[in-house]
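Reader: I have a structure open beside its sequence, and I would like to learn how to read it step by step. Could we begin with the words I need?

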Amino acid sequence: MPPSKTFDTNLVEHARKGDQKALQQILRDLEPVLRGFFVKRIGQKTEIDDLVQNTLLRVHHGLKDLKEAGSLKAFAMKAALFELQDLYRGRYHTRENLFDPEETPHDVDAPAPDGSSIDIERALASLSPKARRIIELKEYGYRYEEIARIVDTTEAAIKMQVKRALEKMRDALMALAGLWLWVARDV
């Protein structure tokens, strides 16, 4: 949705009353507006995705407090400004730590005890409890929308979390495979 357009007040009202499809549509329409806002102010930095997701969470959680349906864009831009201020003040924590702080990612690089196969359980164990739970729910067949409801966040945040967790697991598994190929070469 171009930044100059306004949001459909009926759609906003439906979202405020709990209509999940209306809420998802509003959040999808807001995403490019917010992304443009942040890119214009800080450029193409890695924090953009997190700033957008956190702003969408603020909008999602604060939607019930919105006084006028016609002021959704102003409400969202104010939330974006708060996120930006947190970033500038140093109170902004980028990307959730996907690895458990108690366990270093290097533990995943060690060969499995029997040396026979790549151990996905060990790669999963290196993720934070929240990231691990999201990946497990996805593996059990839950849809993104259902997972978002279970962990009390947005569908877009869940998609981003799954993407990041799978990237971390892929990197860990590739490191393991590379190590094993290197060891097998010398045998």
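Author: Let us start with contact, which means that heavy atoms lie within 4.5 Å. Leaving aside its neighbours within four places in sequence, alanine 76 is in contact with Leu30, Leu34, Thr55 and Val59. Before we go on, please note that this is a predicted model, in which local features need pLDDT of at least 70 and side-chain atom pairs count only at pLDDT 80 or more, while totals for chains, interfaces and linings use all residues. Residues are numbered from 1 along each chain as its sequence is written, and side-chain values use heavy atoms, with hydrogens and water left out.

Reader: What does the secondary structure of the chain come to?

Author: Helices (H or I, at least four residues) and strands (E, at least two) are DSSP runs, numbered from the N terminus. In this chain they come to eight helices and zero strands, and the pattern read along the sequence is α-α-α-α-α-α-α-α.

Reader: Is alanine 76 buried or exposed?

Author: Buried means under 20% relative accessible area, exposed means over 50%, and partly exposed lies in between, with a 1.4 Å probe and protein chains only. Alanine 76, which is found in helix 4 (residues 72-88), has a relative accessible area of 0% and is therefore buried. The C-alpha atom of alanine 76 is separated by 7.7 Å from that of leucine 56, although the two residues are 20 residues apart along the chain. For the chain as a whole, 37% of the 187 residues count as buried.

Reader: Which residues of helix 2 and helix 4 make the contact between them, and how should I describe their crossing?

Author: Axes are lines fitted to C-alpha atoms, for helices over the stretch in contact, and the angles run from 0 to 180 degrees between N-to-C directions. Angles under 35 degrees count as roughly parallel, over 145 as roughly antiparallel, 65 to 115 as roughly perpendicular, and the rest as oblique. The axes of helix 2 and helix 4 come within 10 Å and cross at roughly 40°, which means that helix 2 is oblique to helix 4. The contact is made by residues including Leu30, Leu34 and Phe38 of helix 2 and Ala76, Ala80 and Leu84 of helix 4. As for the hand, a crossing is left-handed if the near helix is turned anticlockwise from the far one by less than a right angle, and right-handed if clockwise; the crossing of helix 2 and helix 4 is right-handed.

Reader: At what angle do the axes of helix 2 and helix 3 cross?

Author: The axes of helix 2 (residues 20-42) and helix 3 (residues 47-62) cross at roughly 135° and come within 9 Å, so helix 2 is oblique to helix 3 as well. Their crossing is right-handed, and among the residues that meet are Leu27, Leu30 and Leu34 in helix 2 and Thr55, Leu56 and Val59 in helix 3.

Reader: Which residues does threonine 154 touch?

Author: Threonine 154 lies in the loop between helix 7 (144-151) and helix 8 (155-186), and at 4% relative accessibility threonine 154 counts as buried. Not counting residues up to four places away in sequence, threonine 154 touches Leu27, Gln53, Leu56, Leu57, His60 and Ala148. A polar atom of the side chain of threonine 154 also lies 3.1 Å from the backbone nitrogen of alanine 157.

Reader: Is aspartate 152 buried or exposed?

Author: Aspartate 152 is found in the loop between helix 7 and helix 8, and with a relative accessible area of 55% aspartate 152 is exposed. Aspartate 152 has a positive phi of about 60° although it is not a glycine.

Reader: How far apart are the C-alpha atoms of glycine 70 and threonine 9?

Author: The C-alpha atoms of glycine 70 and threonine 9 are separated by 5.5 Å, and the two residues are 61 residues apart along the chain. Glycine 70 lies in the loop between helix 3 and helix 4 and is exposed, with a relative accessible area of 59%.

Definitions and conventions:
Polar contact = N/O pair within 3.5 Å; in protein donor to acceptor, adjacent residues only side chain to side chain.
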